[in-house]
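Please keep the model open beside the text as you read.

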Amino acid sequence: MPTSNSIFNSAVIPFEGRFAGVFRCDDQTRRMQLHVGFSDNGFDWKIEPERVRFNVAEPEIAEFVYSYDPRVTRVEDRYYLTWCNWYHGPTIGVGWTDDFRTFHQLENAYLPFNRNGVLFPRRIGGRFAMLSRPSDNGHTPFGDIFYSESPDLCFWGRHRHVMSPVTNSWQATKVGGGPVPIETSEGWLLIYHGVLTSCNGFVYSIGVALLDRERPWTVIARSAPYALSPQALYECVGDVPNVVFPCAALCDAATGRLAIYYGAADTVTALAFGYVSELVEFVRENSL
């Protein structure tokens with residue numbers, strides 16, 4: 001768009017025979033905003049010039065300060081959007097749409113400070129389920145992934161610890177959820193990001209874990225090596241160098257082929273391909 005500084009860390013989903021997406025678009029004032037986009041093929045996108053505006057029943061949560069790092073998942077007959085929202089600090093905003101034109105904002109899921117809210121694509125034990133990473137108000141130098149449940153997408157509880165950083169590794173500083181988990185016969189396939197604090201600052205890489213299907217806070221396996229790290233020029237050079245940050249993974253049910261959309265260097269949106277079976281084998285053979 002004419003006002004763009006960068007478009008990255010964005011969510012994509014199949015919709016009515018083509019693709020819809022909610023994109024993080026930072027403008028040239030460096031405001032972080034969400035914009036809708038559509039594509040026939042998943043590569044070429046038309047992004048709406050106006051940011052997403054929500055219908056909201058509670059005016060006090062409608063104040064816009066920033067919105068960033070969205071995820072989108074379909075649960076039953078609605079498309080749900082989670083993102084890092086401002087409410088006296090970063091927290092997890094929740095909304096829904098059925099046409100990617102009109103969006104409805106629900107209550108924020110958690111108290112500040114929290115990031116990386118990722119909804120599961122089905123209810124667990126009859127309740128909505130979400131991963132998140134409690135944090136602080138800055139560039140958080142710590143972070144574990146937690147699991148929470150809700151009967152109504154308003155009241156969240158039954159919080160469970162999922163995973164922590166790993167000392168002396170690519171995921172030593174913090175970890176956070178990535179795309180919507182993919183349900184397999186082996187468990188929930190979780191593609192997540194991990195961060196290392198190096199002499200050159202934070203380095204974001206991508207790992208893989210398997211979570212129990214009915215108790216998703218239970219980790220079955222977790223990759224010791226990363227699955228993808230910043231090595232290409234566009235992953236290493238940009239507004240924030242050395243970052244790969246996954247937000248969406250589309251799966252072809254017939255073949256198991258994955259298309260993983262990820263932010264690169266906090267500047268562009270990149271795309272990687274793989275197979276569910278390969279990632280399951282990878283995490284099984286290289287588990288911590």
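## A look around the model

Not counting residues up to four places away in sequence, Pro141 touches Asp136, Thr173 and Phe202, where contact means heavy atoms within 4.5 Å. The model is a predicted one, in which local features need pLDDT of at least 70 and side-chain atom pairs count only at pLDDT 80 or more, while totals for chains, interfaces and linings use all residues. Residues are numbered from 1 along each chain as its sequence is written, and side-chain values use heavy atoms, with hydrogens and water left out.

Pro141 sits in the loop between strand 11 (128-134) and strand 12 (145-150). Strands here are DSSP runs of E with at least two residues, helices are runs of H or I with at least four, and both are numbered from the N terminus. With 53% relative accessibility, Pro141 is classed as exposed; the class needs over 50%, buried means under 20%, and partly exposed falls in between (1.4 Å probe, protein chains only). Thr173 is 32 residues from Pro141 along the chain, yet their C-alpha atoms are separated by 6.2 Å.

Ser223 belongs to the loop between strand 18 (219-222) and helix 1 (233-236). Its relative accessible area is 0%, so Ser223 is buried. The Ser223 side chain reaches the backbone oxygen of Pro225 at 3.2 Å. Apart from neighbours within four places in sequence, Leu228 is in contact with Ser205, Ile206, Val244 and Tyr262. Tyr87 is 141 residues from Leu228 in sequence, and 33 Å from it in space, C-alpha to C-alpha.

His193 is part of strand 16 (residues 187-198). Is His193 buried or exposed? At 0% relative accessibility, His193 counts as buried. Its side chain makes a polar contact with the side chain of Arg133 at 3.3 Å. Such a contact is a pair of N or O atoms within 3.5 Å; within protein, one must be able to donate a hydrogen and the other to accept it, and residues adjacent in sequence count only if both atoms are side-chain atoms. Leaving aside neighbours within four places in sequence, the contacts of His193 include Asn116, Trp170, Tyr204 and Phe245.

### Pockets

Rolling a probe the size of a water molecule over the atoms shows where empty space is left. A pocket is an open set of points on a 1 Å grid over the protein atoms alone, with protein on both sides within 12 Å along at least five of seven lines, and lining residues have an atom within 4 Å of a point. A volume is the space filled by probe spheres set on the points, which are joined across faces, edges and corners.

The largest pocket has a volume of about 670 Å³. Its lining has 31 residues, and the closest to its centre are Arg24, Tyr68, His139, Tyr204 and Asp266. Two or more lining residues come from each of strand 1 (4-15), strand 2 (18-27), strand 6 (67-75), strand 10 (114-119) and strand 17 (201-211). By class, this lining has eleven nonpolar, ten polar and ten charged residues. Ala, Val, Leu, Ile, Met, Phe, Trp, Tyr, Cys and Pro count as nonpolar, Asp, Glu, Lys and Arg as charged, and the others, Gly among them, as polar.

The second largest pocket has a volume of about 380 Å³. Of its 19 lining residues, Ile13, Thr73, Pro121, Val180 and Ala249 are the closest to its centre. Which element gives the largest share of the lining of the second largest pocket? That is strand 19, with four residues. The lining of the second largest pocket has 15 nonpolar, one polar and three charged residues.

### Aromatic pairs

Rings of Phe, Tyr and Trp (its six-membered ring) pair if their centres lie within 6.5 Å; planes under 30 degrees apart count as stacked, over 60 as edge-to-face and the rest as tilted. The count comes to 17 aromatic pairs, and two of them are set out here.

| Pair | Ring centres | Planes | Class |
|---|---|---|---|
| Tyr66 and Trp86 | 5.5 Å | 80° | edge-to-face |
| Tyr79 and Phe100 | 5.2 Å | 55° | tilted |

Tyr66 lies in the loop between strand 5 (54-56) and strand 6, and Trp86 in strand 7 (residues 78-86), so their pair links distant parts of the chain, 20 residues apart. Tyr66 is buried at 14% relative accessible area, whereas Trp86 is partly exposed at 26%.

Tyr79 is in strand 7 and Phe100 in the loop between strand 8 (90-97) and strand 9 (103-105), so the pair ties together parts 21 residues apart in sequence. Tyr79 is buried at 8% relative accessibility, and Phe100 is buried at 2%. One aromatic cluster is formed by Phe15, Phe54, Tyr79, Trp83, Phe100 and Phe103.

Definitions and conventions: On a 1 Å grid over the protein atoms alone, a cavity is a set of points where a 1.4 Å probe fits but cannot get out, and a pocket is an open set with protein on both sides within 12 Å along at least five of seven lines; lining residues have an atom within 4 Å of a point.
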